[in-house]
Each structure stands twice: as structure tokens, then as C-alpha cells.
Amino acid sequence: MDKIRIRGGKPLNGQIAISGAKNAALPLMAACLLTDETLTLTNAPRLVDIATMGNLLAQHGAEVRREDPPEGGAVRGGELHLTARTITSTTAPYDLVRKMRASVLVLGPLLAREGKARVSLPGGCAIGTRPVDLHINGLTQMGAKIDLVGGYIEAEAPGGLHGASIVFPMVSVGATENLLMAAALAKGDSELINAAREPEVSDLAHCLVAMGAEIEGIGSDRLRVRGRDRLSGTRHAIVSDRIEAGTYAMAAAITGGKLELLHTRLDLIQAVTKVLERAGVEFSETADGVMVSRANGELLGVDVMTEPFPGFPTDLQAQMMALMCTARGAAMITETIFENRFMHVPELARMGANITVHQSSALVRGVEKLTGAPVMATDLRASVSLVLAGLVAGGDTELNRVYHLDRGYDRLEAKLAACGAEIERLRDGD
Ligand code: UD1
């Protein structure tokens, strides 16, 4: 398996192009199942999860074609052309779904279009139990009959789905997206109350509108959908990845460098900039992005709690913890979205961090310096937090299980190396 080796201590300076958001791209790709016309998505990141979703859609009968600009050219991602003229299989098999939890997003579209779907219960990142009851309950309210048989969700709606008023007992990004897609092709009106407001949900809603759906309340926690008999194809640019932008903002901050993050906007990463500003990091808007620097002064410990959007994202919690490891003072980091999302803590401790976990909170006491070590992580964001720690640690850090990074970061080593990081990928067998 590939490894990444980092020699820490170099401040990062330069520009990093932010890719299209993985978490927007995956539901957008699933939306191709709602129409027999072509859905073209531009600004598509190069990620293993995108390829996995492509394989899943192809398995349902969609034609999946990807075009990428030549390497070294303007790095604006590729184009995905997705055409589900006919659905040849309504089963999403275990061997594909287990690789990526977001595979469950095909459930709503398949059920709405074909009246049946059989989707394996998902796997994905090892960050807690992550049930799918909200997806199932919502679709049941829309008229589906759902059983769990042999590890599969078996759903049927022979007469099609009908609109419903669905109140989510807790905020779920995936359930909001699944039900939004189903409602767009259901008979009658639906209302999703306490819906997730993440920009990736809004990106999906805008694309569905371009496909002919009628959706009101985009960006709010109350989405009203008027179902349509059929939807059409469209061309849609995937929103920029705010988690990737936040990660590189923290890379600039942890190394005491200055980076221009291209193709992003301050309003998209506001939850992060507000917290980082309190920690002594500076942000300003540029013509095509955001400048971030910690040129003057030290990093200060700040408390942070993860929350649904517009709060601080759970997908940046691990990176924030790495940042706080070398800050002056202490930081209390509280995780409210997922249980068991502190698996980076023992690895950061191996690099010299001082962290005490009590239930869903971690108290990080800043240390003078971190030291490089061989480390590994069991999920995507935890892995990148170790990269951040490695960028500032003395000596070499060797990160194992790099496949987690490849699921969610488009050419991470190349982007960091171009800004002065000493980072290289050791291919299996090197
Ligand atoms: C999405 C993101 C993920 C991010 C998460 C929270 C994608 C592909 N992934 O995941 O990166 O960390 O949002 O911002 O977009 N829950 C239930 N029952 C359900 C569904 C969810 O109890 O049926 C719980 C989960 O266990 C979790 C919470 O709700 O505690 C939020 O999960 P959810 O927003 O659904 O996360 P995902 O959509 O899986």
C-alpha cells in the first residue's frame, strides 16, 4: 500500500486551487438516475469516491464518461457525462456500497423512477454506527414499503412515490438529499422540515431545479418540492469544496505560511474563518479566492464545537485538533455529530500532542513542538489531520493507509509540494 512521507518545518507559500466538492459531487451524480437524458457535471474532482460512484451508476445501467483537462493545464477539474437512458438493475450490491456510505443516495432516485430498489446497507468511514433510519422512514412516508433482508434495504413502491410532509427528528445531510431527489419525481407536493442546510444540499437542489424540478426554500431548513412526472438533463458546475479549502487554510496556519486558495469564497467557509480568526489567522478575499496567512504572531487555543451547517463542520474537526496541538494555551474540541470520531487522537499523541478525551470532548493543551513519527488513520479527515501535523513536526512523518486520503483529496501531495512542502508519495514497493 502507498505511503506519504513528509519532512516538516517548511512554511507553505503560494496558491492552491480548490477542487469541486466531493460531498456535492456524489449526490449530484446519483441524480442522473432521475432522468433518461444526460446530466453533465463540471468541476469534478479526481477522487476514488467519484470513481466508486461512477462504477455503481454504471452497474445500474448508466453510461458514465469522464473528460479531464490535460495535466498541468488550468486545474479546474473534469467533466462527468452521466446518462441513465434505462435502468438495467435496481440492486446496489454490497461489494460496491461497502466502499462508500454515500452509495445509499441511489435509493431515493431508483425508487422514484423504477418503483423498486434493493440497496446494501452501507459501510464507509469507521466513525460510528451511522444508521440510515431517517432515509427509510422518509421514503416510507412517501409510500414505499421497506424491509431489511440479509443486509439489504429492499424497497418497493409499485404505484410510485407520493408527496409527504416529512419532519426530520435530527439534521441529516444524506437523508435530506435522498428525499429531495425522491420528492422531485414523486406525485404531488412534499415538504422537508428540519432539512440540512449544507451548501452541498443547496447545490443538489439548484441542479434539480435546472433539471425541471420545482423547489422552494433552497438554503433554508424547510424545503418545499412539487413533484414532476419527468425530469430532464442539464449541465451543472459542482460547488467548490469548503472542507478542502478549510483544510488548506489550516495548513497555512499551522506552518505559519501564506496561501491563496483559488476558486473559493469567504462566505462558503465562514464557519471556519470565524473560528480561525479567533486563533490568530487572517483572511481576505481576492479576485478569485481567499488569502489566508499567519504571518504575524502565534496561534492561540480556541474552543470549538461541531454542528450542522452553518456551524463548524465535523469534517474539519480532526484538522482543527491538529492545528490546536501547537497553539498557545488550551482548546476544547467537542464533537456533536458523530460518536467515535476521535481516532486521530492516539496518532497525534504519538507525535507529541497533549490531548485528553472525555466523552465527546477533547482537551488539547498546546505543546512547543510536534515530532515526526510513523502514523496511520482509519478515516479520511483523520488522515489529513496527520498530514497537517506532519507539515509542522520536526523530522519525518510517514503516513500509512493513504487510500483514505485518495477518497477525498484531489492530488494532495502535488498541491502541497507546489507551495513548498517536502512531501512525497512512496508507491507500494518503493
Ligand atoms: C454527510 C457527509 C459527511 C459529513 C456528514 C455530516 C457526504 C457524502 N458525507 O454524511 O462527510 O461528515 O454529512 O456533515 O455528504 N443519522 C441517523 N440516521 C440516519 C442518517 C443519519 O441517525 O438515517 C445520524 C448520523 O449517524 C450522524 C448524523 O445523523 O450522527 C448526521 O449524519 P448525516 O448528516 O446523515 O451524514 P451523512 O449524510 O452520512
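Q: At what angle do helix α8 and helix α12 pack, and how far apart are their axes?
A: This is a predicted model, to start with. In it, α8 (residues 242-255) and α12 (residues 380-392) pack at about 20°, and their axes are 9 Å apart. Since angles under 35 degrees count as roughly parallel, that makes α8 roughly parallel to α12.

Q: Is the crossing left-handed or right-handed?
A: Right-handed, as α8 passes α12.

Q: OK, which residues make that contact?
A: On the α8 side you've got Ile243, Thr247, Met250, Ala251, Ile254 and Thr255. From α12 come Arg381, Val384, Leu388, Ala389, Leu391 and Val392.

Q: How do they divide into nonpolar, polar and charged?
A: Nine are nonpolar, two are polar and one is charged.

Q: Switching topic: how many residues does the largest nonpolar core have?
A: It has 78 residues. Val106, Leu139, Met142, Leu161 and Leu208 have the most contacts inside that core.

Q: Which helix gives the most to it?
A: Helix α6, residues 173-184, with seven residues.

Q: And what is Val106 in contact with, leaving aside neighbours within four places in sequence?
A: Ala30, Leu33, Met53, Leu56, Leu57, His60, Ala92 and Val119.

Q: What about another core, apart from that one?
A: There's one of 70 residues. Ala252, Leu380, Ala389 and Ile423 are among them, and Ala389 also belongs to the α12 side of the helix contact.

Conventions. Residues are numbered from 1 along each chain as its sequence is written. This is a predicted model: local features need pLDDT of at least 70, side-chain atom pairs count only at pLDDT 80 or more; totals for chains, interfaces and linings use all residues. Side-chain values use heavy atoms; hydrogens and water are left out. Axes are lines fitted to C-alpha atoms, for helices over the stretch in contact, and angles run from 0 to 180 degrees between N-to-C directions. Helices (H or I, at least four residues) and strands (E, at least two) are DSSP runs, numbered from the N terminus. Angles under 35 degrees count as roughly parallel, over 145 as roughly antiparallel, 65 to 115 as roughly perpendicular and the rest as oblique. A crossing is left-handed if the near helix is turned anticlockwise from the far one by less than a right angle, and right-handed if clockwise. Contact means heavy atoms within 4.5 Å. Ala, Val, Leu, Ile, Met, Phe, Trp, Tyr, Cys and Pro count as nonpolar, Asp, Glu, Lys and Arg as charged, and the others, Gly among them, as polar. A nonpolar core is a set of buried Ala, Val, Leu, Ile, Met, Phe, Trp, Tyr and Cys residues joined through side-chain atoms within 4.5 Å. Buried means under 20% relative accessible area, exposed over 50%, partly exposed in between (1.4 Å probe, protein chains only).
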